[in-house]
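Have the viewer open and follow along.

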Amino acid sequence: MFKSVVYSVLAASLVNAGTIPLGKMADIAKIGTQEDIFPFLGGAGPYFSFPGDYGISRDLPEGCEMKQLQMIGRHGERYPTTSKAKSISKTWYKLSNYTRQFNGTLSFLNDDYEFFIRDANDLEMETTLDNSVDVLNPYTGEMNAKRHAREFLAQYGYMLENKTSFPVFASSSERVHDTAQYFIDGLGDQFNISLQTVSEDESAGANTLSAGYACPAWDEDANDDILEKYDTTYLDDIAKRLNKENKGLNLTSTDANTLFAWCAYELNARGYSDVCDIFTKDELVRYSYGQDLVSFYQDGPGYDMIKSVGANLFNASLKLMKQSEVQDNKVWLSFTHDTDILNYLTTIGIVDDKNNLTAEYVPFMGNTFHKSWYIPQGARVYTEKFQCSNDTYVRYVINDAVVPLESCSTGPGFSCEIKDFYDYAEKRVAGTDFLKVCNVSSVSNVTELTFYWDWNTTHYNGTLLKQ
Ligand SMILES: Cc1ncc(C[n+]2csc(CCOP(=O)(O)OP(=O)(O)O)c2C)c(N)n1
């Protein structure tokens, strides 16, 4: 199985590059051996299916008919952002200027290590077969989106049988747009798809897939008093260990923190990373929980304004759902950023908002919020609306797993009966006010999300941004 993946990646890159790519044999042995750590990288590393799968079948329950399908996806595996690349390069600069032999887990640097960021033009962008450091990289954003498209066809292809022309929506970040295009390419040329690029500039206001960018009132530091309580001595320990093994090396705890991001993005770009082997399993758990905390208190249930931010998209989702009988289009596919998806899941209430995460220690009992489980690279959240006899139901599928709503799951396949769902949803959005809470009017006078309804006449063609 693994060999065939490797060979098909190799064959494809031969076709694309037009030259014979040269890989080292050692790479074949390393690729595929680090998948256990993907869940500990805060969603920066390659895609993996939701580990909290309850075992509920993804199949449409017996005797039911799918009425509408919505999908909100994150772009796929990518290179670091410009700002993250700056910190990684700083740490690389220290390591590359070290003149002695490396010892311990840094020994791999003695063997002609090639830094994984080779071209500044790759920053912020998807990893692809062409721009991968190793020709055998199985974790490119490009292939992830294409594979997702094939899986989508296998699971829901019947929804498109009589409807080969439809729109796909992407926010105007270049990596998001590129992911949508790879997904479209993966569907194959029997479809006539119109890619709608919806501006994520703040001036788009409410008419956006990325409400976060139209939310000037959002404050990254709002919950810093909680976040700074998290014990980060594990980072000092990593730096001390590496400095002790390598006399004269002056890595700091900031470098140690950066190495986790290095590990994640190198996996996306190369297919494996020797940097990932620097950490003990306990350190990975501590880092991972640190990422969960930041995410929970900046873009999840721990920040009271987030329910309002996510309501912009959730209200649109509800409106589409209520129109399923009259809408010609039955499948709504959209791509955006991780934070936007988490905002949306927070409003839905499918991530736990009863237990605020503690920064005092790493909790285990009852802790279900793991950032990487919800929003890894290539994350995908499906909303299924289906009818069984005379009743209609809704359920969510997150990263390949059916995830029931805690208080509404008595329908077939642990779905929520539609009237109960609408009551539930009404309570979730009660009191939310995206425009007011975010102070949208200070950056835009657009007060409504309309692209799902006016795409055919407006044709969205937002300028692509590297953000
Ligand atoms: C509610 C909210 N408003 C504004 C921001 C600011 N902000 C930081 S990153 C980002 C977009 C996502 O970027 P990135 O973390 O690079 O995610 P990716 O593209 O990898 O999914 C936004 C809108 C935010 N995180 N949350």
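This is a predicted model: local features need pLDDT of at least 70, side-chain atom pairs count only at pLDDT 80 or more; totals for chains, interfaces and linings use all residues.

Two helices, α10 (306–322) and α11 (338–348), each give at least two residues to the shell around it. The largest share, three residues, comes from α11.

Now zoom in on the contacts. There are 15 residues around the ligand, and the ones that come nearest are Arg-74, Arg-175, Asp-299, His-337 and Asp-338. An N or O atom in the His-337 side chain is 2.5 Å from a ligand oxygen. For Asp-338, a polar side-chain atom lies 2.7 Å from an oxygen atom of the ligand, and for Arg-175 the corresponding distance, again from a polar side-chain atom to a ligand oxygen, is 2.8 Å. How much of the ligand does the protein cover? On its own the ligand has 570 Å² of accessible area, and the protein covers 84% of that. Switch to a surface view and you can look for the space it takes, which is the largest pocket.

Next, some backbone geometry. Most residues other than glycine have a negative phi. Asp-112 isn't a glycine, yet its phi is positive, at about 50 degrees. You'll find Asp-112 in the loop between α3 (82–96) and α4. Asn-399 is another non-glycine residue with a positive phi, this one near 45 degrees, and it belongs to the loop between β6 (391–398) and β7 (401–402).

Are these two buried or exposed? Asp-112 has a relative accessible area of 67%, so it counts as exposed. Asn-399 counts as buried because its relative accessibility is 0%.

One last stop: Glu-151, in helix α4 (residues 141–156). Glu-151 counts as partly exposed because its relative accessibility is 39%, a value that falls between the 20% and 50% cut-offs. Glu-151 and Asp-400 are 249 residues apart in sequence, but their C-alpha atoms are 9.8 Å apart in space.

Key: Residues are numbered from 1 along each chain as its sequence is written. Side-chain values use heavy atoms; hydrogens and water are left out. A residue is near a molecule or strand if one of its heavy atoms lies within 4 Å of it. A polar contact is a pair of N or O atoms within 3.5 Å; within protein, one must be able to donate a hydrogen and the other to accept it, and residues adjacent in sequence count only if both atoms are side-chain atoms. Accessible areas come from the Shrake-Rupley method with a 1.4 Å probe; for residues, only the protein chains shown count as cover. On a 1 Å grid over the protein atoms alone, a cavity is a set of points where a 1.4 Å probe fits but cannot get out, and a pocket is an open set with protein on both sides within 12 Å along at least five of seven lines; lining residues have an atom within 4 Å of a point. A molecule sits in a cavity or pocket if more than half of its atoms lie within 2 Å of its grid points. Helices (H or I, at least four residues) and strands (E, at least two) are DSSP runs, numbered from the N terminus. Buried means under 20% relative accessible area, exposed over 50%, partly exposed in between (1.4 Å probe, protein chains only).
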